[in-house]
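Visitor: Hi, I'm new to this one. Could you walk me through it?

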Amino acid sequence: MPADPAVVADLSELVRLEDPDFYSDDPFPLYARLRRESPVHYYEPLDLWLLTRYEDIREVGRTPLIFSSSDGILLNDFRYGNVVASFFPPNAENFALDGPPRHAELRKAIRTPFSPVNVAKLNEQVRSVVVEILDAIVPGEDTDWLTDVAMAVPSVMIATLLGMPPEDRPLLDGWANEIIKMGAAVGKEELAEVAAGLGGMYAYFADQLADRRRNPGTDLLTALAQAEDAGALNNETVHMMVAGVLSAGNETTRNLVAGLAVAFSEHPEQYARLVTDPTLARNATDELLRWITPVRGFGRTVTEDTEIGGQAMRRGQRVYMLYGAANRDETVFADPETFDIGRDFREAMHLSFGFGEHSCIGSSLARLETATVLEEMARRFRSIELAGTPRRHAQLLANAYESLHVTVRV
C-alpha cells in the first residue's frame with residue numbers, strides 16, 4: 001500500500017540523493033524510517049522511486065526486462081542523460097547497460113578470469129602483493145592508508161590481470177580515477193570534459209591489444225583481442241570492457257579496504273576478535289561489505305507499467321536501489337545496526353555486489369583481496385587507529401574516501 005502522503009512529504013524534505021553530504025552524515029536512521037514508512041519512496045527531483053527494502057531490490061534484479069539498465073544506471077545518468085555511455089567509445093556495447101540476452105553474451109567474454117576457480121589460483125599472488133604492502137608500514141607512525149594500502153592492492157592486481165607492466169601502474173590508476181568521476185557530484189560540463197580527456201587511454205590500450213595479437217599471453221587483454229578477432233566483440237566494445245574492468249576492478253576493493261580501517265578503528269573489539277581468530281577474515285569480509293556498502297546504489301528504467309511493494313510505477317520512470325539501506329533491513333538481518341564480523345550469512349547475503357544478472361563480475365577477486373588484507377593485518381598488527389579525521393570523496397556512487405590516515409600498533 002502506498003505510504004501516507006503526509007509521511008512522504010516529511011521524508012521528501014530530508015532525502016537529498018544528489019548531495020554527497022546526504023550519505024556521509026549518518027544516513028542510516030533515515031534509511032530505517034524510509035524502510036518503515038515509505039519503502040518505495042517517490043523522489044520528485046528525478047522522477048524516480050527510491051527502494052530501500054532488501055526484497056524490493058531483489059525483485060528488480062530478478063526482472064531485468066521490466067527494470068532495464070539500457071538508459072543508464074547512475075544518478076548522473078538520470079540528471080544529465082546517459083553519462084555512462086559518453087565515457088566509452090561510440091558503438092561500444094556496454095555489458096553494464098545491455099539487457100538479456102546480450103548481457104550474458106558480453107559478460108562471457110571476460111567471465112573466465114574472474115570466475116571463483118580462476119581467482120582461487122591467484123591466492124599466492126594476492127598474498128605476495130599484500131605482504132609486501134603491509135610490511136612497508138611502520139608501526140606507531142602515521143600511515144596514508146588510502147594511498148599505500150587501499151589503492152595499492154587492487155591497482156597491482158588489476159594491472160596483473162590485464163597484463164600491464166608495473167611501471168605503467170600510475171597511468172592505469174590515473175585513468176581509473178578519471179572514469180569513476182562519472183559517479184561524482186559534479187556538473188554536466190565537467191563530466192563531458194573528463195570523458196573527452198580519455199583519448200590517451202584508448203590509444204594506449206590499442207597499442208597493448210596489437211601487442212597481444214603479436215605476442216599472446218594468458219592475460220585479460222589477450223582474451224579480449226581474441227574475442228574481437230573471432231567476431232564476438234567489436235573493437236569499441238573491447239575498449240569499453242578494458243576501461244570498465246580498470247575502473248570497477250579498482251574502485252570496489254579500494255573503497256572496501258579503506259572502509260575497513262575506519263570500521264575497525266571505530267569497533268576495536270571486532271578487530272581484537274580478528275586478531276584472536278584470523279580464520280574469521282572471510283566472514284568479516286562479507287560483514288564489511290554489508291556494513292560499508294562500497295557502491296551506494298544503481299538505477300533502472302521501468303519498461304512497462306508495473307508495481308513494487310504495492311506502489312504503481314509508469315513506463316519510463318526510474319527506480320534507484322539504495323544498497324546501503326537494504327543491507328541494514330531489519331526484516332532480513334538480525335541486529336543490523338551492529339557491526340559483527342561473526343555474522344551468519346547463511347540465511348541471506350548482503351546486496352553490495354548487486355543481485356541478478358548484473359551482479360558484480362569481480363566479486364570473487366574483491367573478496368579474495370580483502371580477506372587476504374585482513375588475514376595479514378591480524379598477523380602483524382595488534383590494533384589500528386584513525387590518525388585524524390578521514391575526509392570523504394564528493395561521490396554519489398561510491399562510498400569513497402579522499403584522505404584516510406591511520407596508526408597501527410604491534
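Predicted model: local features only at pLDDT ≥ 70, side-chain atom pairs only at ≥ 80, totals over all residues.

Visitor: Okay, how many helices and strands are in the chain?

Guide: There are 20 helices and twelve strands. Helices (H or I, at least four residues) and strands (E, at least two) are DSSP runs, numbered from the N terminus. The chain's radius of gyration is 21 Å, close to the 22 Å the globule rule gives for 410 residues, so the chain is as compact as a globular protein of that length. That radius is taken over C-alpha atoms, and the rule is 2.2 Å times the number of residues to the power 0.38.

Visitor: What does the C-alpha trace span along its principal axes?

Guide: About 60 × 55 × 40 Å.

Visitor: And how much of the chain is buried?

Guide: Buried residues make up 54% of the 410. Buried means under 20% relative accessible area, exposed over 50%, and partly exposed in between (1.4 Å probe, protein chains only).

Visitor: Let's do sheets. What's the strand order in the open sheet of five strands?

Guide: The order is 1-2-8-5-3, and the pairing is mixed. Two strands pair if DSSP finds at least two bridges between them. Strand 1 (40–43) and strand 3 (67–68) are the edge strands, each pairing on one side only.

Visitor: Which way does strand 8 run against strand 2, parallel or antiparallel?

Guide: Strand 2 (residues 48–51) and strand 8 (residues 318–322) are parallel, with four bridges. Trp-49 sits opposite Val-319, and Leu-51 has Met-321 as its bridge partner. Strand 5 and strand 8 run antiparallel, joined by five bridges, and there Gly-297 stands opposite Leu-322.

Visitor: Why is strand 8 said to be largely enclosed?

Guide: Five of its five residues are buried, so strand 8 is largely enclosed by the rest of the structure. Arg-318, Tyr-320 and Leu-322 point one way, while Val-319 and Met-321 point the other.

Visitor: Which helix lies across that sheet's strands?

Guide: Helix 4 (residues 54–62) lies across strands 1, 2, 3, 5 (297–302) and 8, at about 125° to strand 8. Contact means heavy atoms within 4.5 Å. Axes are lines fitted to C-alpha atoms, for helices over the stretch in contact, with angles from 0 to 180 degrees between N-to-C directions.

Visitor: What about the sheet of three strands?

Guide: That open sheet has the order 4-12-9 and antiparallel pairing. Strand 4 (143–144) and strand 9 (383–386) are at the edges with a single partner strand each, so one side of each has no neighbour in the sheet. Strand 4 joins strand 12 (residues 405–409) through two bridges, and Asp-144 is partnered with His-405.

Visitor: Last topic: at what angle do helix 9 and helix 11 cross?

Guide: Roughly 145°, with the axes of helix 9 (residues 123–135) and helix 11 (residues 152–162) coming within 10 Å.

Visitor: Which residues meet there?

Guide: Gln-125, Val-126, Val-129, Val-130 and Ile-133 in helix 9 meet Ala-152, Val-153, Val-156, Met-157 and Thr-160 in helix 11.

Note on methods. Residues numbered from 1 in each chain as written. Heavy atoms only, no water.
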